[in-house]
Amino acid sequence: MELVAGSYEQVLFGFTVHPKPETSGNEQKWTPVADFTHHAHTASLSAVAVNSRFVVTGSKDETIHIYDMKKKIEHGALVHHNGTITCLKFYGNRHLISGAEDGLICVWDAKKWECLKSIKAHKGHVTFLSIHPSGKLALSVGTDKTLRTWNLVEGRSAFIKNIKQNAHIVEWSPKGEKYVVVILNKIDIYQLDTASVSGTITNEKRISSITFFSDSVLAVAGDEELVRFFDCDSLMCLCEFKAHENRVKDMFSFEIPQHHVLVTASNDGFIKMWELKQDKKIPPSLLCGVNTSARLTCLGVWLDRETSTKVSLPPAAEPSPVNEDHPKISKKESGDMVQEEETSKPNSKKCDLTSYSKKLTKGNSVVSTKKRKVIEMSEKKRKKKKI
């Protein structure tokens with residue numbers, strides 16, 4: 001497996017970790033080995049996403065960079081958004097969805113790296129998005145104080161819910177039966193069948209990252225050193241532990257045979273891996289940690305394995321999931337649920353893939369980016385002329 005983390009210093013870090021077999025009576029200790037550092041962007045990194053082959057990174061320089069982790073090369077750059085890339089999500093191996101400060105959500109073909117759909121999603125910035133496990137629905141939040149549900153089958157807005165404040169995180173549960181919306185230090189838990197809040201979790205500090213372990217257990221990190229586990233049904237804190245010396249910026253959880261792992265990244269420069277216990281009331285044990293000496297901003301874990309089934313967004317021929325997956329959401333809730341908006345038209349601006357291959361540099365040296373910068377500047381000049 002490969003830990004990948006982006007930083008304020010514009011560098012993407014890669015560390016290879018080989019899980020060790022279970023040893024009776026002794027604590028597990030894994031060793032991360034520096035694989036590459038890559039000066040990929042001209043501004044700080046803001047988002048990372050992974051699938052079975054690629055890692056993609058978004059940045060304040062308005063570009064998305066693609067890395068082929070099988071070949072260990074930089075595959076190219078997607079140039080479409082105007083504004084910081086705020087969120088990146090893969091659905092299976094065929095589709096990538098991006099959101100940015102320009103208010104756009106873009107759906108990309110992750111094979112040909114073409115923009116399939118560009119939607120004006122929010123009047124302000126898109127701050128976060130999450131794809132339903134079925135691939136038929138997505139949720140997004142933005143700085144226009146709305147929570148929006150997207151019909152990915154038809155590529156249009158399904159519903160808009162006005163919320164009192166700007167939310168900065170939205171996330172589906174693993175089974176897709178509920179979703180959470182994060183505003184500052186509060187987490188509202190919504191049930192899919194009613195689209196209403198079933199409970200609210202309050203954290204001590206502003207929340208920076210969340211990750212579901214199951215439909216009922218949620219890990220929460222914020223502007224502090226602690227990570228807390230919450231029960232989404234009882235709304236109680238199951239446990240808390242000190243993960244870092246500074247605020248935790250991002251988390252990622254995954255399961256492999258015999259291990260359920262939580263990975264955390266912090267402003268203190270450390271990436272840490274934690275072995276989760278079956279009983280989530282017991283704090284996890286530290287598997288390993290590595291110091292990047294950088295201010296980390298985003299995190300992903302690339303697992304070197306092929307998915308057993310090819311997952312892709314449902315074909316347009318399938319029926320709309322709105323009536324299937326949102327049986328009760330069509331009713332207005334307290335006057336703030338808006339039924340179907342007009343279909344968002346694709347943005348006419350060209351979606352460019354700046355294609356080139358560059359070997360990722362081993363160890364701690366930084367790859368020269370002169371050629372990439374020249375290409376990106378020419379692309380941006382050409383885009384501005386078209387506007």
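## Aromatic pairs

Trp-113 is buried, with a relative accessible area of 3%; buried denotes under 20% relative accessible area, exposed over 50%, and partly exposed in between (1.4 Å probe, protein chains only). Phe-54 also counts as buried, at 10% relative accessibility. The model is predicted: local features need pLDDT of at least 70, side-chain atom pairs count only at pLDDT 80 or more, and totals for chains, interfaces and linings use all residues. Residues are numbered from 1 along each chain as its sequence is written, and side-chain values use heavy atoms, with hydrogens and water left out.

The chain has 7 aromatic pairs. Rings of Phe, Tyr and Trp (its six-membered ring) pair if their centres lie within 6.5 Å; planes under 30 degrees apart count as stacked, over 60 as edge-to-face and the rest as tilted. Phe-54 and Trp-113 form an edge-to-face pair, with 5.3 Å from centre to centre and 90° between the planes. Phe-54 lies in strand 5 (residues 54-59) and Trp-113 in the loop between strand 10 (104-109) and strand 11 (115-120), so this pair ties together parts 59 residues apart in sequence. Strands (E, at least two residues) and helices (H or I, at least four) are DSSP runs, numbered from the N terminus.

The ring centres of Phe-229 and Phe-241 are 5.7 Å apart and their planes stand at 75°, so this pair is edge-to-face. Phe-229 belongs to strand 22 (residues 226-231) and Phe-241 to strand 23 (residues 237-242), so the pair ties together parts that are 12 residues apart in sequence. Phe-229 counts as buried at 1% relative accessibility, as does Phe-241 at 8%. Phe-213, Phe-229, Phe-241 and Trp-274 form one aromatic cluster.

## Salt bridges

Side chains of opposite charge can pair when their charged atoms come close. A salt bridge is a side-chain nitrogen of Lys or Arg within 4 Å of a carboxyl oxygen of Asp or Glu, and the count comes to 13. One of them joins the side chains of Glu-2 and Lys-72 (3.6 Å, N to O). This pair links distant parts of the chain, 70 residues apart: Glu-2 is in strand 1 (residues 2-7), and Lys-72 is in the loop between strand 6 (64-68) and strand 7 (73-79). Both Glu-2 and Lys-72 are buried.

Arg-228 forms a salt bridge with Glu-224, with the closest N and O atoms 2.6 Å apart, and both residues are buried. Salt bridges that share partners join Glu-2, Asp-35 and Lys-72 into one network. In the salt bridge between Glu-154 and Arg-156, the closest N and O atoms are 2.5 Å apart. Glu-154 is partly exposed at 39% relative accessibility, whereas Arg-156 is buried, with a relative accessible area of 9%.

## Nonpolar cores

A nonpolar core is a set of buried Ala, Val, Leu, Ile, Met, Phe, Trp, Tyr and Cys residues joined through side-chain atoms within 4.5 Å. The largest nonpolar core has 28 residues, of which Tyr-179, Val-181, Ile-187 and Ile-210 touch the most other members. Strands that each supply at least two residues of this core include strand 13 (137-142), strand 17 (178-183) and strand 20 (207-212). Strand 17 gives the most, with 5 residues.

Beyond its neighbours within four places in sequence, Val-181 is in contact with residues including Leu-147, Ala-167 and Ile-187; contact means heavy atoms within 4.5 Å. A second, separate core of 23 residues includes Ile-256, Ala-265, Leu-299 and Leu-303.

## The chain as a whole

The chain contains 2 helices and 30 strands. Buried residues make up 59% of its 387 residues.
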